[in-house]
Structures are given as C-alpha cells and as structure tokens.
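Biologist: I would like to learn how to read strand pairing and surface patches in a model. Could you walk me through one?

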Amino acid sequence: MSNDEFRGALARLAAGVVLITAQEPPLDEHGRGEDVGMTATAFMSVSLDPPLVMVSLRNGSRMDDLLSEQPLWAVSVLAESQRQVAGRFAMKGRISDRLLFEDLPHTRGEVSAAPLIDGALATLECRTEQRVVAGDHTLVIGRVLAAALPSAEGAPLMYFRGQYRQLG
C-alpha cells in the first residue's frame, strides 16, 4: 500500500474540525507568552470518567514541541461559519501566530490561559495526562478541566475528502 492509497482511503472519513491553542511560557517574569494555534481533525473523546480527550500532533510540529513543555491547552470546536479560522491556522509557512490571533475575537481560558475562539460550538480546557508516540505523530491525551458551550446553536465545521464541508 502506498502513502497516497492510505491517505485517499482515510480522506473518506468525515471529521469535525477543532482549533487547538496554548500559550507559550513567558520569556521573563514581566511578559506573557505567545499564543499558538493549530487546526486539527484528529481529535476525539477518550473517556467520560475521568473526562479525557485526545489530539494527534505531527512529531516536531510547533504545537507538539509546545505541549511537551506546556501541560495546559485548549480546544475550540469550530462552527461551519468558522472555515476561515480553520484555514488560517492550517496554512503551511504561515505568518506568526501572534498576528493570526490579533484580529480574531477570542477570550482567554480561566484555567489554561489559552485563547478560546468566540463563536465556537464548544470549548474545552485541558491538562496533558499522557503523551504516546505513534509513528510520525504524538497522541496527546488531556484531562478536561473546564467545558463551555459559548455558541450551542449552529452546525459543526467538517473535513471530508480534503476539503472543509458543511453538515447536511
């Protein structure tokens, strides 16, 4: 089986789209760390008791490196109207994350201090419980410390066959 065959087969699996966010630790005691964000479709619920979720991160990615040091992170479950948010944080060779967050309405999580995207269908604040290397990715399992439904109305943003889609 080739990589293209494998990728093509899994492209037929529809997935919800989330934005994973975290804040880098400050460089000194007077500053605040930079916000970092990453679009993900490999995200799932793991357990109800205790409440656990999992995200798959490409080894050596900025988010993988950050979450190996920073145990607190957040998830914003994106609505279908937030396709541009997903796209801006999925770009390869993109501008700094600081500029990507600059004009993006968000609040800061009380537990994680990570950005929570306004208009998301749901938000979760997590603490890493376990990291499992799996091939060229790391599975980060996080305990959910806080959950909210800032915009419970609306449909989710989906990803199917290499494109963002609407449900239905």
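Modeller: Happy to! Keep in mind that this is a predicted model.

Biologist: How many bridges join β6 to β9, and in which sense do the two run?

Modeller: There are 6 bridges between β6 and strand β9 (residues 122–134), and the two run antiparallel. Strand β6 (residues 72–77) is also joined to strand β2 (residues 18–23), again antiparallel, by 4 bridges. There, L19 has S76 in β6 as its bridge partner.

Biologist: And how should I picture the side chains along a strand?

Modeller: As a general idea, side chains in a regular strand alternate between the two faces of the sheet.

Biologist: What is the strand order in the open sheet of 3 strands?

Modeller: The order is β1-β11-β12, with antiparallel pairing. Its edge strands are β1 (15–16) and β12 (163–166), each pairing on one side only. Between β1 and strand β11 (residues 157–160) there are 2 bridges, and A15 has Y159 in β11 as its bridge partner.

Biologist: Which helix lies across β11 and β12?

Modeller: That is helix α3 (residues 83–90), which runs at about 165° to β12.

Biologist: Now the surface. Which residues make the nonpolar patch?

Modeller: M1, F6 and L10 make a nonpolar surface patch of about 380 Å². Of these, F6 is found in helix α1 (residues 3–10).

Biologist: Why does F6 count as partly exposed?

Modeller: Because its relative accessibility is 45%, and partly exposed lies between the buried limit, under 20%, and the exposed one, over 50%.

Key. Residues are numbered from 1 along each chain as its sequence is written. This is a predicted model: local features need pLDDT of at least 70, side-chain atom pairs count only at pLDDT 80 or more; totals for chains, interfaces and linings use all residues. Side-chain values use heavy atoms; hydrogens and water are left out. Two strands pair if DSSP finds at least two bridges between them. Contact means heavy atoms within 4.5 Å. Axes are lines fitted to C-alpha atoms, for helices over the stretch in contact, and angles run from 0 to 180 degrees between N-to-C directions. Patches are made of residues with over 30% relative accessible area and no salt bridge: like charges are joined within 9 Å, nonpolar side chains (Val, Leu, Ile, Met, Phe, Trp, Tyr) within 5 Å. Accessible areas come from the Shrake-Rupley method with a 1.4 Å probe; for residues, only the protein chains shown count as cover. A salt bridge is a side-chain nitrogen of Lys or Arg within 4 Å of a carboxyl oxygen of Asp or Glu. Buried means under 20% relative accessible area, exposed over 50%, partly exposed in between (1.4 Å probe, protein chains only).
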